[in-house]
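This report covers a ligand site and a few selected residues in one protein model. The sequence and structure come first.

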Amino acid sequence: MSNILILGACGQIGVELTLALRQKWGADHVFATDLAAEHPLLQGTGPFAQLDATDKDAIGAFIRKEGITQVYLLAALLSATGEKAPMKAWDINMRSLLQVLELGVEEKLEKIFWPSSIAVFGPTTPKVDTPQQTVVEPTTVYGISKYAGELWCQYYFDRYGLDVRSVRYPGLISWKGQPGGGTTDYAVAIYHESLATGTYTSFLGEGTVLPMMYMDDAIRATLELMEAPAETLSTRMAYNIAAISFAPEEIGRSIQAHLPEFKLSYAPDSRQAIADSWPQSIDDSLARKDWGWKPQFDLEAMTADMLKNLKNG
Ligand SMILES: NC(=O)c1ccc[n+]([C@@H]2O[C@H](COP(=O)([O-])OP(=O)(O)OC[C@H]3O[C@@H](n4cnc5c(N)ncnc54)[C@H](O)[C@@H]3O)[C@@H](O)[C@H]2O)c1
């Protein structure tokens, strides 16, 4: 039986991934931890502890005490937040990963999951159908930390046989957790504001196409990758995964199909430059081939599900 430790469980992905892993493995086998206090949606659903993802000794002690066999490392500073505090972002993102990789070897962990991002790509990367292997010259500290992290994952697999797995998530859209300071957060806020006020001012301009994914697909991708037989995986860097690509006006139109009065305006800020450096669409054929990845939600299905759940919430 696996015992799972999640570091950074109270964030946008962590809340939903924790709930999904508890469904799969049983609540008592999934230990949610975060620097922050327990997220309301996790309360009463299983064990929770406050734990700093950069504190190697504390994580090592936790692993030994609870008999942890798998670690999901989600704690990070995201793209827009990282640009406000580059050294802090580098320190948190790299130190937490390197320590978890070290602990993976020392404590003989069965598996580790650590997400990368489309932020590894930069302005010199081909923007359409960005391949798995291509020019990688990120211009944000977040992207640099993710790409360095991918190389370290491959290194620990090659050198120590550590079973570490990763995907390059695109912008993720969800109704449960709030986004944590990424460049694609507008695509979550727009749904909340469409219902609350009927208007939204996008911090990315018209025509800014980015790769996105509904959280249900992202969680399923994570679970499927972690279940795939090790011998089917041809990279221990992160897999490209894709679902939908759209610009603010397209998500606006999909909302107007449900809320005809909804009004969208634009006031691009510093996040526009980050968005402009990223791809518009992603070629995920390697993930499809190696472990059968396939998205289920398109823009219309996502909008219908988001609005339905936010109205009920
Ligand atoms: N959300 C997205 O669109 C997206 C896209 C690509 C990649 N990712 C990656 O997925 C992972 C999770 O992202 P998210 O969107 O859930 O982020 P988030 O900001 O919503 O959540 C991160 C969580 O980590 C916690 N945290 C921060 N520092 C910590 C520390 N030192 N110790 C313990 N916990 C700490 C925060 O309290 C927060 O609950 C990150 O690695 C992120 O880079 C996210």
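This is a predicted model: local features need pLDDT of at least 70, side-chain atom pairs count only at pLDDT 80 or more; totals for chains, interfaces and linings use all residues.

Residues are numbered from 1 along each chain as its sequence is written, and side-chain values use heavy atoms, with hydrogens and water left out.

The elements that give two or more residues to the shell around the ligand are helix H1 (12-25), strand E6 (116-117), helix H5 (141-160) and strand E9 (171-173). Helices (H or I, at least four residues) and strands (E, at least two) are DSSP runs, numbered from the N terminus. The shell holds 25 residues, each with a heavy atom within 4 Å of the ligand. Gln12, Asp34, Ala53, Tyr142 and Lys146 are the closest.

| Residue | Protein atom | Distance |
|---|---|---|
| Ala53 | polar backbone atom | 2.7 Å |
| Asp52 | side-chain N or O atom | 3.0 Å |
| Leu35 | polar backbone atom | 3.3 Å |

Taken alone, the ligand exposes 830 Å², and the protein buries 90% of that; these areas come from the Shrake-Rupley method with a 1.4 Å probe.

Thr303 lies in helix H11 (residues 299-312). Thr303 counts as buried because its relative accessibility is 0%; the cut-off for buried is under 20% (1.4 Å probe, protein chains only). The Thr303 side chain makes a polar contact of 2.7 Å with the side chain of Ser254. Beyond neighbours within four places in sequence, Thr303 is in contact (heavy atoms within 4.5 Å) with Tyr191, Ser254, Ile255 and His258.

Tyr191 is one of the buried residues of helix H6 (residues 186-196), with Tyr186, Ala187, Val188, Ile190 and Ser194. Just after H6, Gly198 has a positive phi of about 80 degrees.

**Thr130**

Thr130 sits in the loop between E6 and H5 and, at 0% relative accessibility, is also buried. Not counting residues up to four places away in sequence, Thr130 touches Phe121, Thr125, Asn240, Pro279, Ser281, Ile282 and Asp283. Thr130 and Gln280 are 150 residues apart in sequence, with 8.0 Å between their C-alpha atoms.

Definitions and conventions
Buried means under 20% relative accessible area, exposed over 50%, partly exposed in between (1.4 Å probe, protein chains only). A polar contact is a pair of N or O atoms within 3.5 Å; within protein, one must be able to donate a hydrogen and the other to accept it, and residues adjacent in sequence count only if both atoms are side-chain atoms.
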